Amino acid sequence: MTSLTQRSSGLVQRRTEASRTSAADKDRGSGDEDFETRRGAEEEEVEDKGDCKETRLTLMEEVLLLGLKDREGYTSFWNDCISSGLRGCMLIELAIRGRLHLEACGMRRKSLLARKVICKSDAPTGDVLLDEALKHVKETQPPETVQSWIELLSGETWNPLKLHYQLRNVRERLAKNLVEKGVLTTEKQNFLLFDMTTHPLTNNNIKQRLIKRVQEAVLEKWVNDPHRMDKRLLALIFLAHSSDVLENAFSPLLDDQYDLAMKRVRQLLDLEPEGESTKTNANELLWAVVAAFTK
């Protein structure tokens, strides 16, 4: 009887020890899982920060960066498209950030270019140029169309009462933003009759990442469907082309790659904005800007 009691006691003790060991292992496992979770979260946070560094530029800054000559620090004197292209960038940037949208198409289904731009939210964006453009749109009654806003913000109007809508020194202000972000620097260059402030490239990594994103969008990562593409990247391709700077992103490519990239860009340009804007999750204002430049 005593022997049975001792065996039972020993069995209970072993079970107790086993339970403690199991609980300890479980706690360690749980601790390891928590550690892995925390480490994963930290890694994600680091990755997010890295992505933020890559994508912190606005559409306007990206288009300007593609157009700037690296060493000289200015855009081509012959490029007369970039001014209106940058205004189109502002409208799309504000639309992507949820500040602007198009009025409803109505029963008669107005075309994209006939519909007015409406202020959806006047919350500050943190960008002076965007906030200035947003303020103009908000305070203008009756509202204007996308085409009118591109012209008004560019100062291309015959109406002297609307000249105050023009956003002045946009390229210089964007360049200064890029200087503050460590992408460009500021220098003075003498052009015989006058001195000009230039902004040569200092951080080539950011520009090369930008060029690589544009190239990959129409080569390795081509999806053959604009609605499966990132809206910001899609807008960048359209507006870089409208600003006559897209060629700068494709010039380093081999001949075969260049031909394929341009063929796929042409496919995007041949799309019908009216039809594309009616598809699921389409940004109507983005397609309205595309229509304004490709009409």
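Here are some friendly notes on the predicted model above, point by point.

1. **Ground rules.** This is a predicted model, in which local features need pLDDT of at least 70 and side-chain atom pairs count only at pLDDT 80 or more, while totals for chains, interfaces and linings use all residues. Residues are numbered from 1 along each chain as its sequence is written, and side-chain values use heavy atoms, with hydrogens and water left out.

2. **Overall make-up.** You will find 12 helices and 4 strands in the chain; these are DSSP runs numbered from the N terminus, with helices (H or I) of at least four residues and strands (E) of at least two. Of the 295 residues, 40% are buried, where buried means under 20% relative accessible area, exposed over 50%, and partly exposed in between (1.4 Å probe, protein chains only). Among contacts with a separation of 6 or more, 66% join residues 24 or more positions apart; a contact means heavy atoms within 4.5 Å.

3. **H2 against H3.** Two packed helices are described by the angle between their axes and the distance between the axes. For H2 (59-67) and H3 (82-96), the axes come within 8 Å and cross at roughly 150°. That makes H2 roughly antiparallel to H3. Here, axes are lines fitted to C-alpha atoms, for helices over the stretch in contact, and angles run from 0 to 180 degrees between N-to-C directions. Angles under 35 degrees count as roughly parallel, over 145 as roughly antiparallel, 65 to 115 as roughly perpendicular, and the rest as oblique. On the H2 side, Leu59, Met60, Val63 and Leu64 meet H3 residues including Ile82, Leu86, Cys89 and Ile96. By class, this contact of H2 with H3 has 10 nonpolar residues, no polar and 1 charged. Nonpolar covers Ala, Val, Leu, Ile, Met, Phe, Trp, Tyr, Cys and Pro; charged covers Asp, Glu, Lys and Arg; the others, Gly among them, are polar.

4. **H2 against H8.** H2 also meets H8 (residues 231-242), with axes that come within 10 Å and cross at roughly 45°. H2 and H8 are therefore oblique to each other. Leu59, Glu62, Val63 and Leu66 of H2 touch Arg232, Ala235, Leu236, Leu239 and Ala240 of H8. The residues in this contact of H2 with H8 divide into 7 nonpolar, no polar and 2 charged.

5. **One face of H6.** Which residues of helix H6 (residues 170-180) are buried? They are Val170, Leu174, Ala175, Asn177 and Leu178. Seen down the axis of H6, these buried residues fall within an arc of 155°, so they line one face of the helix; the arc is that of the directions from the helix axis to the C-beta atoms. Their cover includes H2, H3 and H4 (128-139). After H6 comes Gly182, with a positive phi near 80°.

6. **Backbone details to look at.** The peptide bond from Gln141 to Pro142 is cis, with omega near -5°, and Pro142 sits in the loop between H4 and H5 (146-154). Asn169, in the loop between H5 and H6, has a positive phi near 50° although the residue is other than glycine. Asn169 counts as exposed at 57% relative accessibility. Asn281 likewise has a positive phi, near 65°, and is found in the loop between H11 (273-276) and H12 (284-294). At 62% relative accessibility, Asn281 counts as exposed.
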